[in-house]
Amino acid sequence: MSDPTGGAVSGPASGGARGADPLRLTVLGSATPYPRADNPCSGYLVSGGGTRLWMDAGSGTLGPLQRYVGLGELDAVWISHLHADHSADLLTAYYGLLFADVERAAPLPLYAPPGTADRLAGFLTHGTERSPVESAFAVHELSDGHRARVGALTLTSRAVAHGMPAFAVRVEAGGHSLVYSGDTAPCPALTALAEGCDVLLCEAESARRPAPDEGEHLHHTPEEAGRTAAAARAGRLVVTHVGRGLGADEAVARASAHYGGPVDHAAPGAVFPVG
């Protein structure tokens, strides 16, 4: 695949695939704005070539993550934005990394929006000395067009439209690609990032677009998720972050009316091959 942004690669690199396993997406949770009894908030495990990436760390996702990989074996974390339903489990991961049974040779790489380390420290610091966030996480701040190599995976991030610093990501390995929208209204940056991807994991939080006097549109409706997938010529659409006013089946049906490829829902525990 060609580079959708032309950005420079940054972050730690390793010498390629550590195994022959194909690129795949495992859903840890997809609820919003707080966990359901049977569904944590937004969180996904992306794996391939022996590399394991925790993509968004929403409330409750650290538990199911450990069915597949422990914090000691995880290669990196990528966070789309700092709303709690996408990032809150960084707090409990911090305690696991520093004060429990997790052993790592170095801090866990964390790719996240600007200011993440100070936001975490603001919550975790309880005395006069700042909490040692950087001892748990090697923080790399995202920017529009940021690129990083994590083991066998190449990550390309783009700024998207969510009314705050927020990013989508394209994950590539072995000639295949997964794009995750994070939280965003439809925007050209997401469509360009998703061009020709094998799987588009796209949020569909809104049951409808807000009226002009109701404020800024910050999410996709299912119809808009379908149109984004069609415009990007994605190979498959997986709708996620479906709002509580929508059912999963309804979101899939509404997206399918605007996109001719296969459409699925990001149900917790679902596994999707990429390519």
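Helices (H or I, at least four residues) and strands (E, at least two) are DSSP runs, numbered from the N terminus. The model is predicted, so that local features need pLDDT of at least 70 and side-chain atom pairs count only at pLDDT 80 or more, while totals for chains, interfaces and linings use all residues. Residues are numbered from 1 along each chain as its sequence is written, and side-chain values use heavy atoms, with hydrogens and water left out.

Helix H8 spans residues 248-256, and Ala251, Val252, Arg254 and Ala255 are buried in it. These residues lie on the same side of H8, because they cover an arc of only 170 degrees around the axis, taken from the directions from the helix axis to the C-beta atoms.

Histidine 219 is located in the loop between strand S12 (199-203) and H7. Histidine 219 has a relative accessible area of 15% and is buried. Its side chain forms a polar contact (a pair of N or O atoms within 3.5 Å, one able to donate a hydrogen and the other to accept it; residues adjacent in sequence count only if both atoms are side-chain atoms) with the side chain of glutamate 203, at 2.7 Å. Beyond neighbours within four places in sequence, the contacts of histidine 219 (heavy atoms within 4.5 Å) include His162, Asp183, Glu203, Glu224 and His241.

With a disulfide taken as a pair of cysteine sulfur atoms within 2.5 Å, the count is zero. For cysteine 41, the nearest cysteine sulfur is that of cysteine 202, 18 Å away.

Conventions
Buried < 20%, exposed > 50% of the residue type's maximum accessible area, 1.4 Å probe, protein only.
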